[in-house]
Amino acid sequence: MTTDSDTDTGTPGEADAEATGAAVFEEHRPLLMGVSYRMLGRVADAEDVVQEAWLRWSGADRTGVREPRGYLVRVTTRLAIDRLRHLRSRREAYVGPWLPEPYVTDYAGTVPDAAERAVLADSVSLAVLVVLESLSPLERAVFVLREAFGYPYADIAAVLDRGEAAVRQLAGRARKHVDERRPRYEVDPAERRALTERFLAAAAGGDLAGLMSLLAPDARLIGDSGGLAKAPVRVIESADKVARFLHGAARKGIEAPAFRLAEINGGDALVVRSGDHVDSVFQLDVADGRIQCVYIIRNPEKLRSVPPR
């Protein structure tokens, strides 16, 4: 006798396996997104990589997978390397300075360990991600897995299908390169927030003297618009020039501006809203009580993942 269940395309066991597979993937999704974003610097590209990893996972024979985390990280990292190689040619034609896409984080609320929180925040900061752009895709993968997520060299070798000695060489070159170029200071979160709030008050109020008092003498301003919004097409250098640019931009203003602080790329950032959309994101590099660099992201394509409120 034939029953309705006999004609189903799947069995209860297969349905349970699919549900378990989906649950395992969702458990590891934040890790996979973290790896992908640090590799690519764009939320949309990272999400595409994670989606492709899901398709690979859901279509794979998982009966022989003993360590899903390792399997998923391996697939995701290799996909991200391929995507990064493709993106390099597009970025060479980018209009003006290129900055990573703002990535909304919540380490303050989700990572209780202060040391772990500091490592994650540093590895996803705009300053470090800008430096990572100058690494080769393989160097970047090794640096991300080792420095941000603490993977042993043997595990990274398995992810990249390379010998452990080669991975150690890649790690050494990457770490030396990053250490030579990234900012050499640690920032107290409370100090960064206080300076960000003072920066907002001075910039919004058109207080040129106030801006000058917050900036280090050799401060820089880097704006990213991709040619799709108004922003400087070259890096502005010196406190005087940075302050005057910000003062002039504040005087011209935007329509119906609103401001809020948000944790972006592991630290406080200023989100500027115009009406119902995000107009720009400001983030500051701070050291010794002064602003060393002002990052401004105005490319509308890079602001889609930032909630307006």
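Guide: We can start with helix α7 (residues 137-148) and helix α9 (residues 164-181), whose axes come within 8 Å and cross at roughly 85°; please keep in mind throughout that this is a predicted model.

Visitor: Why are α7 and α9 called roughly perpendicular to each other?
Guide: Angles of 65 to 115 degrees count as roughly perpendicular, and the axes of α7 and α9 cross at roughly 85°, so the two helices are roughly perpendicular to each other.

Visitor: What makes up the contact of α7 with α9 by class?
Guide: On the α7 side the residues are Leu138, Glu139, Val142, Phe143, Arg146 and Glu147, and they meet Val167, Leu170, Ala171, Arg173, Ala174, Arg175 and Val178 in α9. By class, that contact has 8 nonpolar, no polar and 5 charged residues.

Visitor: How do you know how α8 is placed relative to α9?
Guide: The axes of α8 and α9 come within 9 Å and cross at roughly 100°. Since 65 to 115 degrees is the range counted as roughly perpendicular, α8 is therefore roughly perpendicular to α9. Tyr153, Ala154, Ile156 and Ala157 of α8 make this contact with Glu164, Val167, Arg168, Ala171 and Arg175 of α9, and by class these residues divide into 6 nonpolar, no polar and 3 charged.

Visitor: Why are α3 and α8 called oblique to each other?
Guide: The axes of helix α3 (residues 68-92) and helix α8 (residues 153-160) come within 9 Å and cross at roughly 60°. Angles under 35 degrees count as roughly parallel, those over 145 as roughly antiparallel and those from 65 to 115 as roughly perpendicular, with the rest called oblique; α3 and α8 are therefore oblique to each other. The crossing of α3 and α8 is right-handed. In this contact Val73, Arg74, Thr77, Arg78 and Ile81 of α3 meet Ala158, Val159 and Leu160 of α8, a set that divides into 5 nonpolar, 1 polar and 2 charged residues.

Visitor: Turning to the sheet, what makes β2 and β3 the edge strands?
Guide: The open sheet of 6 strands has the order β2-β1-β6-β5-β4-β3, with mixed pairing, and β2 (236-237) and β3 are its edge strands in that each pairs on one side only.

Visitor: How do you know that strand β3 and strand β4 pair?
Guide: Pairing requires at least two bridges, and strand β3 (residues 257-264) is joined to strand β4 (residues 267-274) in the antiparallel sense over 8 bridges, with Leu261 standing opposite Leu270 in β4. The two strands form a hairpin with 2 residues between them, and Asn265 in the turn has a positive phi of about 50°.

Visitor: What joins strand β5 to strand β6?
Guide: Strand β5 (residues 277-287) and strand β6 (residues 290-297) run antiparallel and are joined by 7 bridges, where at least two are needed for pairing. Val286 stands opposite Ile291 in β6. Helix α10 (residues 189-204) packs on the sheet, touching β3, β4, β5 and β6, and its direction makes about 125° with that of β5. Helix α12 (residues 239-252) also packs on the sheet, touching β1 (215-224), β2, β5 and β6, with a direction that makes about 50° with that of β1.

Visitor: What makes Asp161 buried or exposed?
Guide: The cut-off for exposed is over 50%, and with a relative accessible area of 61% Asp161 is therefore exposed. Asp161 lies in the loop between α8 and α9 and has a positive phi of about 60° although it is not a glycine.

Visitor: How do you know whether Thr110 is buried or exposed?
Guide: Thr110, in helix α4 (residues 107-110), has a relative accessible area of 52%; because exposed means over 50%, Thr110 is exposed.

Note on methods:
Residues are numbered from 1 along each chain as its sequence is written. This is a predicted model: local features need pLDDT of at least 70, side-chain atom pairs count only at pLDDT 80 or more; totals for chains, interfaces and linings use all residues. Side-chain values use heavy atoms; hydrogens and water are left out. Helices (H or I, at least four residues) and strands (E, at least two) are DSSP runs, numbered from the N terminus. Axes are lines fitted to C-alpha atoms, for helices over the stretch in contact, and angles run from 0 to 180 degrees between N-to-C directions. Contact means heavy atoms within 4.5 Å. Ala, Val, Leu, Ile, Met, Phe, Trp, Tyr, Cys and Pro count as nonpolar, Asp, Glu, Lys and Arg as charged, and the others, Gly among them, as polar. A crossing is left-handed if the near helix is turned anticlockwise from the far one by less than a right angle, and right-handed if clockwise. Buried means under 20% relative accessible area, exposed over 50%, partly exposed in between (1.4 Å probe, protein chains only).
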